[in-house]
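Have the structure open as you read.

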Amino acid sequence: MHFDDQPSQLVAPDGQVHLGLFPDTVARVNGRDHDYRRPMGSPASRRARHFHYKQFQYFGLVSDELLIGCALADTAYLGLAFFYVFEPASGRLREYTWRSPLARALSMSATPLEGESRFEQNGVAIRLGYGQTGNGERRKTLSVALKDLTLDAALVEPLDYRPMSLCTRTGVNGWTYANKVAGVDVSGTLRDEGGERDLGALPGAGGHHDFSAGYMRRETFWNWACLSGRLDGHRVGLNLSCGVNETSVNENCLWLDGELIKVEGTRFDYQRDDLQAPWRIRSRCGRVDLTFTPLGRHRERLNLGLFASNFHQLFGRFDGELRAADGAPLAVRGLHGFVEEQYAKW
């Protein structure tokens, strides 16, 4: 696998963004230092530099008994936070969404290596933390405090783990940086009316994380798929997308025991009028051939004219086959994860 040179910060002192596939996480995502231009080449206004910059961070946990997801999104026009807990056996879904005009209730870390992102509004407190363990492993944490539920969760990237880290062009003058992690262990507790549950002890428990930022396309549509779990004693993770980060290089990959394995372009076949019907997901390189069976979903639909979102994240089960770096097949049977369809105008 070929990597580009690792930048110490995403935007260079001359305002130019580093593009490519990087061997590691970029330590500082200083996106607003970019020499952002209008389509005809003149410098963008201060207002455009602020309102066109977007940030998105997501923490997820997948297991046989619980699927948990939490996202913070700063679109400048609007701050968004959502959180859900889904139980596959019963189909029970607890979901919450909060919005903040001009993202006043939201603050976002400029790096997935240190600091904290927060959403605080009307007694709701969500915190995404970034740091290290005592032996230097990278640690990402999620804390959610609601009236009837509290969550404290963490995932750890082992010292030999390689995240997906890349930056691609988007449109005539934009770019998107994405840092993806999947196929790692999780720990923590969920406390609710049913008592306290140890997240690390859940069967098949695994964690995933997404840190994305940039001057993204004003209007876009994408699919995304992700899973974390164990296959034949191996820790496995998968990150696939179609519709973003596809200029020169894409973000499709799988992890096997922390090893990053690149995947080529991916095709999502599904019924847009019936998202609950099975999905077929295949890669051009043959490393991925999966069927996804939805069991539930979280939806967001908002149309404010200037800002619009039609978002569906479906939780369910993956079956099929993955292939390791040496081509060895890995049978996938009932691994839980999610797929996503989203239209966004921001």
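A cavity here is a set of grid points where a 1.4 Å probe fits but cannot get out. The model is a predicted one, and it holds 2 cavities of 30 Å³ or more.

**Cavities**
- The largest cavity has a volume of about 540 Å³, and of its 34 lining residues, Phe56, Trp222, Glu340, Gln342 and Trp346 are the closest to the centre.
- Sorted by class, the lining of the largest cavity comes out as 16 nonpolar, 10 polar and 8 charged residues.
- The second largest cavity has about 30 Å³ of space, and Tyr58, Tyr84, His208 and Phe338 are among the residues lining it.

**Nonpolar cores**
- The largest nonpolar core has 79 residues, and Leu10, Phe83, Ile126, Leu151, Trp175 and Tyr177 touch the most other members.
- Strand β4 (residues 78–87) gives the most to this core, with 8 residues.
- A second, separate core has 26 residues, including Leu231, Val263, Phe318 and Val332.
- Look around Ile126 and, beyond its sequence neighbours up to four places away, you'll find it touching Cys70, Leu72, Trp98 and Phe119, among others.

**Leu66**
- Leu66 lies in the loop between β2 (54–62) and β3 (67–74), yet Leu66 is buried, with a relative accessible area of 0%.
- Setting aside neighbours within four places in sequence, Leu66 has contacts that include Val85, Phe86, Pro88, Leu190 and Leu202.
- Leu66 and Trp175 are 35 Å apart, C-alpha to C-alpha, and 109 residues apart in sequence.

How values were computed:
Residues are numbered from 1 along each chain as its sequence is written. This is a predicted model: local features need pLDDT of at least 70, side-chain atom pairs count only at pLDDT 80 or more; totals for chains, interfaces and linings use all residues. Side-chain values use heavy atoms; hydrogens and water are left out. Helices (H or I, at least four residues) and strands (E, at least two) are DSSP runs, numbered from the N terminus. Buried means under 20% relative accessible area, exposed over 50%, partly exposed in between (1.4 Å probe, protein chains only). Contact means heavy atoms within 4.5 Å. A nonpolar core is a set of buried Ala, Val, Leu, Ile, Met, Phe, Trp, Tyr and Cys residues joined through side-chain atoms within 4.5 Å. On a 1 Å grid over the protein atoms alone, a cavity is a set of points where a 1.4 Å probe fits but cannot get out, and a pocket is an open set with protein on both sides within 12 Å along at least five of seven lines; lining residues have an atom within 4 Å of a point. Grid points are joined across faces, edges and corners, and a volume is the space filled by probe spheres set on the points. Ala, Val, Leu, Ile, Met, Phe, Trp, Tyr, Cys and Pro count as nonpolar, Asp, Glu, Lys and Arg as charged, and the others, Gly among them, as polar.
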